[in-house]
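Open the model in your viewer and keep the selection panel at hand.

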Amino acid sequence: MSRLHLLKVLFLCGLCLSELRADDLEIDADTPEVQSQFHAAFLEARTACAEEFLLPYANVLQFNNTGKLADETDLTSMCYFRCFFEKAGLVENFRLVPNIVRKYMWPATGDSIEYCESQGINEQNACKRTYAIAQCAMMRALTDARNKPMV
């Protein structure tokens with residue numbers, strides 16, 4: 001096989017692989033009714049978790065804007081985020097739910113899902129472990145959002 005022929009084959013294989021990868025990341029848009037149901041479920045999860053953990057909404061806003069807590073040792077806030085991410089369907093058994101994360105949080109690409117799931121993997125405390133995953137996901141979402149041009 002000539003070098004040129006081999007390069008052509010490798011190029012075509014690369015195109016096929018990139019097409020498969022792009023298809024894997026396609027996100028089917030939900031209908032407005034389904035979106036409304038998800039948003040209502042998120043609000044319900046947020047409310048239930050805030051009542052359970054008596055967390056000031058300012059802590060949630062700070063996390064949503066910075067990806068961090070004011071006090072990174074605040075176990076109550078970490079448990080709130082565990083509660084919210086699980087009740088909202090974003091995390092199940094310390095694993096991000098890709099289709100929900102990509103539709104309602106950020107369109108995670110590359111190894112983001114796997115990388116974030118690996119955060120806190122050795123942590124014995126469930127709240128700390130889920131918070132590590134949530135924090136990674138939020139940091140990646142915030143970074144991706146800042147790097148996307150505004151239309």
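Select Cys 116. Its relative accessibility is 0%, so Cys 116 counts as buried (buried is under 20% relative accessible area, exposed over 50%, partly exposed in between, with a 1.4 Å probe and protein chains only). Cys 116 and Cys 136 form a disulfide, with sulfur atoms 2.2 Å apart (a disulfide is a pair of cysteine sulfur atoms within 2.5 Å). The torsion about this S-S bond is -70 degrees, and the link of Cys 116 and Cys 136 is left-handed. Cys 116 sits in helix H6 and Cys 136 in helix H7, so the pair ties together parts 20 residues apart in sequence. Cys 136 is buried too, at 10% relative accessible area.

A note on the ground rules: this is a predicted model, in which local features need pLDDT of at least 70 and side-chain atom pairs count only at pLDDT 80 or more, while totals for chains, interfaces and linings use all residues. Residues are numbered from 1 along each chain as its sequence is written, and side-chain values use heavy atoms, with hydrogens and water left out.

Stay on helix H7 and pick Cys 127. A disulfide joins Cys 127 to Cys 79, S to S 2.1 Å. Cys 79 lies in helix H4 and Cys 127 in helix H7, so this link ties together parts 48 residues apart in sequence. Its torsion is about 105 degrees, so the disulfide of Cys 79 and Cys 127 is right-handed. Cys 79 is buried at 12%, and Cys 127 is buried at 10%.

Which cysteine forms a disulfide with Cys 83? Cys 49 does, with the sulfur atoms 2.0 Å apart. The S-S torsion is about -80 degrees, so the link of Cys 49 and Cys 83 is left-handed. Cys 49 belongs to helix H2 (residues 32-53) and Cys 83 to helix H4, so the pair ties together parts 34 residues apart in sequence. Both Cys 49 and Cys 83 are buried.

The structure holds 3 disulfides. Counting bonded cysteines along the chain, their pattern is 1-3, 2-5, 4-6.

Next, the charged pairs. Side chains of opposite charge can pair when their charged atoms come close. The count here is 3 salt bridges (a side-chain nitrogen of Lys or Arg within 4 Å of a carboxyl oxygen of Asp or Glu).

Select Arg 82 and Glu 86. Their side chains meet in a salt bridge, N to O 3.2 Å. The two are 4 residues apart in helix H4 (residues 75-87), separated by about one helical turn. Arg 82 is partly exposed at 27%, and Glu 86 is partly exposed at 32%.

Go to Arg 95 and Glu 117. The closest N and O atoms of this salt bridge are 3.4 Å apart. Arg 95 lies in strand S2 (residues 95-96) and Glu 117 in helix H6 (residues 112-118), so the pair ties together parts 22 residues apart in sequence. Glu 117 is buried at 9%.

Last pair: Arg 140 and Asp 111, a salt bridge at 3.5 Å between the closest N and O atoms. Arg 140 is in helix H7 (residues 126-147) and Asp 111 in the loop between helix H5 (98-104) and H6, so parts 29 residues apart in sequence are tied together.

Zoom out. The chain has 7 helices and 2 strands (DSSP runs numbered from the N terminus: helices are H or I, at least four residues; strands are E, at least two). Of its 151 residues, 30% count as buried.
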